[in-house]
Amino acid sequence: EAEKREIIDKFAREKEEQIRHLQQEKLRKKEKLQAKLRARREKLEKKRSIDRKKELEEAKTRAEKEMAVIETIGKHTEQLLDLEATMEDQAVPQVAQPETMDRVREA
């Protein structure tokens, strides 16, 4: 009877040791997978951050180009208005002469 009890106890200890070993192995694998997942998330977040920076930089460049075009149009408009005002100031009322009208028609 004591011998049976000893064999059963030995078997139980071995099984308990196997269970502990399997639990530790399972825990190590879980931690390893969590570390991989964390690394992937960090990598993805870094990529997203870089993509966002690129998008912002591109948007800034587009806005700067658009502002340059708007400024150029504004300058040209001012120049045209100044030229028109100058021409109006310098305009001398002329009586249309027949030969002038003929030259305008030929042109």
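Is Lys-32 buried or exposed? Lys-32 is exposed, as its relative accessible area is 56%. Here buried stands for under 20% relative accessible area, exposed for over 50%, and partly exposed for the range in between, with a 1.4 Å probe and protein chains only.

Before I continue, a word on the model. This is a predicted model, in which local features need pLDDT of at least 70 and side-chain atom pairs count only at pLDDT 80 or more, while totals for chains, interfaces and linings use all residues. Residues are numbered from 1 along each chain as its sequence is written, and side-chain values use heavy atoms, with hydrogens and water left out.

I turn to the chain as a whole. The secondary structure of the protein chain consists of two helices and zero strands; helices (H or I, at least four residues) and strands (E, at least two) are DSSP runs, numbered from the N terminus. Of the 107 residues of the protein chain, 0% count as buried. The accessible area of the protein chain is about 11,000 Å², of which carbon and sulfur atoms supply 56%. Accessible areas come from the Shrake-Rupley method with a 1.4 Å probe, and for residues only the protein chains shown count as cover.

Next, the salt bridges. A salt bridge is a side-chain nitrogen of Lys or Arg within 4 Å of a carboxyl oxygen of Asp or Glu. By this rule there are five salt bridges, and I shall present some of them.

Arg-5 pairs with Asp-9 in a salt bridge whose closest N and O atoms are 3.8 Å apart. Both residues lie in helix α1, four residues apart, or about one turn of the helix. Asp-9 is partly exposed, at a relative accessible area of 32%.

Glu-25 forms a salt bridge with Arg-28, with 2.7 Å between the closest N and O atoms. Because Glu-25 and Arg-28 are three residues apart in helix α1, about one helical turn separates them. Glu-25 counts as partly exposed at 29% relative accessibility, and Arg-28 is partly exposed at 43%.

In the salt bridge between Glu-45 and Arg-52, the closest N and O atoms are 3.2 Å apart. Glu-45 is partly exposed at 39% relative accessibility, and Arg-52 is partly exposed at 43%.

Finally, the surface patches. Patches are made of residues with over 30% relative accessible area and no salt bridge; like charges are joined within 9 Å, and nonpolar side chains (Val, Leu, Ile, Met, Phe, Trp, Tyr) within 5 Å. Lys and Arg count as positive and Asp and Glu as negative, whereas His and the chain ends are not counted. The place of a charge is NZ of Lys, CZ of Arg, CG of Asp or CD of Glu.

Which residues form the positive surface patch? They are Lys-29, Lys-32, Lys-36 and Arg-40, and Lys-32 is located in helix α1.

A negative surface patch comprises Glu-55, Glu-57, Glu-58 and Glu-64. Glu-57 belongs to helix α1, residues 2-90, and counts as partly exposed because its relative accessibility is 46%.

There is also a nonpolar patch on the surface, formed by Leu-80, Leu-83 and Met-87, with about 330 Å² of accessible area together. Leu-83 lies in helix α1 and is partly exposed, with a relative accessible area of 47%.
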